[in-house]
Amino acid sequence: MSEGGSRFLKEPFEVHERRFETTERIMELQFRHLEGRLGKIEAMIEGLERRLWMTVYGVVAVILTQAVQGILQYAPK
């Protein structure tokens, strides 16, 4: 008993300390998993944004094409 003190006083703290460390490890794993999922979601959003802009550009191109065709139709020949 060179450490001094009663084991009955130290053991309850050791149990809580181990529980706290385990909880920290679990939370770290959860956050790592969450960051990975968020990265995938961000990549999906970027792809969706690119497709959306391509659609917008396509609609604008169609409208401009129709406007030019309308102008050319009424132009003197």
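Student: How should I read Tyr-57: buried or exposed?

Tutor: Start with the scale. Buried means under 20% relative accessible area, exposed over 50%, and partly exposed in between, with a 1.4 Å probe and protein chains only. Tyr-57 has 53% relative accessibility, so Tyr-57 counts as exposed. This is a predicted model, where local features need pLDDT of at least 70, side-chain atom pairs count only at pLDDT 80 or more, and totals for chains, interfaces and linings use all residues. Residues are numbered from 1 along each chain as its sequence is written, and side-chain values use heavy atoms, leaving out hydrogens and water.

Student: Which residue forms an aromatic pair with Tyr-57?

Tutor: Rule before case. Rings of Phe, Tyr and Trp (its six-membered ring) pair if their centres lie within 6.5 Å; planes under 30 degrees apart are stacked, over 60 edge-to-face, the rest tilted. The count here is one aromatic pair. Trp-53 is the partner: the centres are 5.9 Å apart, the planes make 35 degrees, and the pair is tilted. Trp-53 is partly exposed, because its relative accessibility is 44%.

Student: Where do Trp-53 and Tyr-57 lie?

Tutor: Helices are DSSP runs (H or I, at least four residues), strands likewise (E, at least two), numbered from the N terminus. Trp-53 and Tyr-57 both lie in helix H1, four residues apart, about one turn of the helix.

Student: Which residues form the nonpolar patch on the surface?

Tutor: Patch members have over 30% relative accessible area and no salt bridge; like charges are joined within 9 Å, nonpolar side chains (Val, Leu, Ile, Met, Phe, Trp, Tyr) within 5 Å. Here the nonpolar patch holds Leu-52, Trp-53, Met-54, Val-56, Tyr-57, Val-60 and Leu-64. Together they have about 740 Å² of accessible area, by the Shrake-Rupley method with a 1.4 Å probe, where for residues only the protein chains shown count as cover. Met-54 sits in helix H1 and is exposed, at 60%.

Student: Which residues form the negative patch?

Tutor: Asp and Glu count as negative, Lys and Arg as positive; His and the chain ends are not counted. Each charge is placed at NZ of Lys, CZ of Arg, CG of Asp or CD of Glu. Glu-14, Glu-17, Glu-21 and Glu-24 form the negative patch. Glu-21 lies in helix H1 (residues 7–74).

Student: How many salt bridges are there?

Tutor: The test is a side-chain nitrogen of Lys or Arg within 4 Å of a carboxyl oxygen of Asp or Glu. One salt bridge counts. Arg-32 forms it with Glu-28, with the closest N and O atoms 3.1 Å apart.
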